[in-house]
Amino acid sequence: MAKITYITNDNKNHTIDVDNGLTVMEGAVQNDIPGIDADCGGGMACATCHVYVKEEWLDKLPKKEDGEEDMLDMAFEPKQNSRLSCQLTVSDDLDGLVVNIPSKQA
Amino acid sequence: MKNIDALIIGAGPTGLFTAHQLRLIGLDCEIVDNLDKIGGQCIELYPDKPIYDIPAVPECTGEELTNNLINQIKNFNIKFHLNERVDEVKKEKDNWLVKTNKGTTFLTPNVIIAGGVGSFEPRKFSPKECEKFENKSIFYSVRDKKIFDGKTVSIFGGGDSALDWAVELSKNCKVNLIHRRDEFRGAQATVDKVHELAKAGKINLLTKYQMSGIKGSDKLESIDIKHDNDETKTLKTDYVLGFFGLIMQLGPIANWGLNIDKKTIEVDTEKFETNQKGIYAIGDICNYPGKLKLILSGFHEGALAARACFKLARPNEKYRFEFTTSSKKIKDRLGVKK
């Protein structure tokens, strides 16, 4: 289990206990956190679960596959710290992770 | 106006198999889809990705699945209306009057929404001012390349569409190709060609840049682009092309009086009917307790919705369940010669 903080575009913090094995996307969707659409349901095919990862976490996360970087080309205002939250699987190592949700997904 | 037993919205796997089920029980149907090709998400989002959970098909790609489904309904000669979006669904006595954006109209007792997550629309630039130039100086697809002759065109994107148009337009225009990173995801041969043209000065290649602003009153004058390191450049340009792929939008479906929750339509699990009699929702777009967004679930939902359609299309006949293995009537419909 990991505590994950989602900061929505209105600057509200939502800190949730997410079970290991779920993705950061699923943690948001199952807890009704607004701003993560996840249209394709986690298939790395739509770029609508885009988040900005807090800088200090960038190196601690699993590396991006090529497919994820390709999909981020399509995301709304991608930055250096952009990730697709469906590709971030929760484990104890992610305890304390903070992600910002963009103003919109498309 | 076309009178039909059922209209299917969406030519993805669920819509295709539902057409099969309708024709099998003797109902006619037509299919409308906003995309220019058959296959829905399978073709648009993951044509090459393998799927492992289609019953009795250990492994197939999105494209193979689509081709097999098309093959399965080939004998039915089903009419497809591609590149058309259903805009209006209105009650007319016991029927639904359906209109598309191209003006095609249908009168039918049954409308089956197999629309995935809605219709695919191009992803757009983020600066709000871009809207005002859309379809004048900013385009998300190319209809007539001649308008660009001798002009400066700034192309954004890193996939095949962006690269192909950069190569093509560099023959007769001044081309800026702008992409958010150094790597391109297009075909390697095209990527090589772009680098070659950039070296020869035919394409002005700007990587690690994204659009940050746009200037012009009536006519587009210039765009601002921002580098990863925050440095900004202004580029004079006549036209801008954006190729960021497609996004799914629920679109007009939201206006048809259906119960919608989180972009999905609530249905019952007997007929997959919505809160409107004769309108069904199946596949990824429907929602009910226990719903799984799997292709196989869409097949089941379509089979049941098709039987519900029979009651409204043939109110004076009784539906009789038959197996394809033994029914002569079904074999005739399938065109099986034996």
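Tutor: Two strands count as paired when DSSP finds at least two bridges between them. The model under discussion is predicted.

Student: What makes β2(B) and β10(B) a pair of strands?

Tutor: Strand β2 (residues 6-9) of chain B and strand β10 (residues 111-113) of chain B are joined by 3 bridges. The requirement is at least two bridges, so the two strands pair. They run parallel, and Ile8(B) has Ile112(B) as its bridge partner in β10(B).

Student: Why is the sheet with the order β6-β3-β2-β10-β23 (chain B) called open, and which strands stand at its edges?

Tutor: This sheet has 5 strands with parallel pairing. At the edges stand β6 (79-82) and β23 (279-281) of chain B; each has a single partner strand, so one side of each lacks a neighbour in the sheet. From one strand to the next, the twist averages 20°. Helix α1(B) packs on this sheet, where it touches β2, β3 (29-33) and β10 of chain B, and its direction makes about 170° with that of β3(B).

Student: How do you know on which side of α3(B) its buried residues lie?

Tutor: In helix α3 (residues 62-72) of chain B, the buried residues are Gly62(B), Leu65(B), Thr66(B) and Leu69(B). They cover an arc of only 100° around the axis, which puts them on the same side of α3(B). An α-helix has 3.6 residues a turn, so residues three or four places apart point the same way. The buried residues of α3(B) pack against α1 (13-24), α2 (41-44), β4 (50-51) and β5 (60-61) of chain B.

Student: Why is β13(B) called mostly covered?

Tutor: A residue is buried if 20 or more other C-beta atoms lie within 10 Å of its own. In strand β13 (residues 152-156) of chain B, 4 of its 5 residues are buried, so the strand is described as mostly covered.

Student: Which residues have the most contacts inside the largest nonpolar core?

Tutor: They are Ile155(B), Ala166(B) and Leu241(B), in a core of 58 residues. Helix α4 (residues 160-169) of chain B gives the most to this core, with 5 residues. Beyond four places in sequence, the contacts of Ile155(B) include Ala162(B), Trp165(B), Ala166(B) and Leu241(B). A second, separate core has 53 residues, among them Cys29(B), Ile43(B), Val111(B) and Cys309(B).

How values were computed
Residues numbered from 1 in each chain as written. Chains lettered and ligands numbered in written order. Predicted model: local features only at pLDDT ≥ 70, side-chain atom pairs only at ≥ 80, totals over all residues. Buried ≥ 20, exposed ≤ 12 C-beta atoms within 10 Å, placed from the backbone. Arc of directions from axis to C-beta. Contact = placed C-beta atoms within 7 Å. Axes fitted to C-alpha atoms, helices over the stretch in contact; angles between N-to-C directions. Core = buried A, V, L, I, M, F, W, Y, C linked by C-beta atoms within 7 Å.
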